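Visitor: I'd like to learn how to read aromatic contacts in a model. Could you walk me through a case?

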Amino acid sequence: MKGALIFFILILIMLSLGACKSQPPREISDFNDGWTFHLGDIEGAQAINYDDSAWRNLSLPHDWAIEGDFDAGNPSGAGGGALAGGTGWYRKTFQPDKNRKGEKFFIDFDGVYMNSDVWINGIHLGFRPYGYISFRYDITPFINFDAENVIAVRVDNSEQPNSRWYSGCGIYRNVWLTTVAPLYVDLWGTYVTTPDINANNAKVHVKTTVKNETPENKNVKIVNSILDRSGKKVATVSSHLRIASGSSGEAQQSIDLSKPVLWTIENPYLYKVVTAISTAKPKPTNTQLRWA
């Protein structure tokens, strides 16, 4: 319905305030450059010391199928663009920032078509059979801060046909390296809904999932703020969670936004929800301890 909805952009910010040690913000780095590629299957190409100097240098996203020849005899058929499938390998070396040692490192693939195996430093991270959805691996335990690290990806799209339309072959979407403090807002961990909106008031519900991968239980303060188009804070809410080591907690918050600017085609007004977390001291209680 025209003018009935407010659209929100989510910005996830990692902060630690007060007397506790400050935590660095979430960092999402473009991981698309500096890859090598080989079309065809090779034994042992996931090994750290494998020599890929003769491979092709490229940047992602990449689709090797569209680089081939159209042929009605290709098993992909007309639905697959009459292009060849096959198997391909990708490799990339990188050096992590030593200043971020002790944090969490994830590699995020927006899409690989299809049947992908991923390794880091020769260690198998996992197999993804599907080609149209993103996926992530936690590479923290396997990173070497004193030497270069090697990411290897094998993509198998040889079994054709496997789609009703042209899919392409390879790492055809972006790849990201995400670094967060061990206390962090989880991936897609902020969920915003607006169940009740009118010209006078908008009821905004925010669910925030926070993961604690530190060795200690944490008292966490979660603050969600709404910013208008100019960046001015127009509403905010805060709450506290006690999150055990190695577990997650969810904060459910409600924010009232007075006289919201309603989104329309003529005026596509956007607000932002900014999520910030910090370690917090436990709230004092009236309980008194008496020793016998």
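**Reading the rings**

Guide: Start with Tyr132, which counts as partly exposed because its relative accessibility is 25%; buried means under 20% relative accessible area, exposed over 50%, and partly exposed in between (1.4 Å probe, protein chains only). This is a predicted model, where local features need pLDDT of at least 70 and side-chain atom pairs count only at pLDDT 80 or more, while totals for chains, interfaces and linings use all residues. Residues are numbered from 1 along each chain as its sequence is written, and side-chain values use heavy atoms, leaving out hydrogens and water.

Visitor: How is a pair of aromatic rings described?

Guide: By the distance of the centres and the angle of the planes. Rings of Phe, Tyr and Trp (its six-membered ring) pair if their centres lie within 6.5 Å; planes under 30 degrees apart are stacked, over 60 edge-to-face, the rest tilted. The whole structure holds 14 aromatic pairs. One of them is Phe37 with Tyr90, tilted, at 4.8 Å centre to centre and 40° between the planes.

Visitor: Are Phe37 and Tyr90 buried or exposed?

Guide: Phe37 and Tyr90 are both buried. As for Tyr132, its ring pairs edge-to-face with Tyr130, 5.8 Å centre to centre with 75° between the planes. Tyr130 is partly exposed, because its relative accessibility is 46%. Tyr130 and Tyr132 share one aromatic cluster with Tyr113 and Trp165.

Visitor: Which ring does the charged end of Lys92 sit over?

Guide: Phe31's, at 4.6 Å from the centre; the test is NZ of Lys or CZ of Arg within 6 Å of the ring centre and within 35 degrees of the ring normal. Arg136 lies over the face of Phe106, 4.1 Å from the ring centre.
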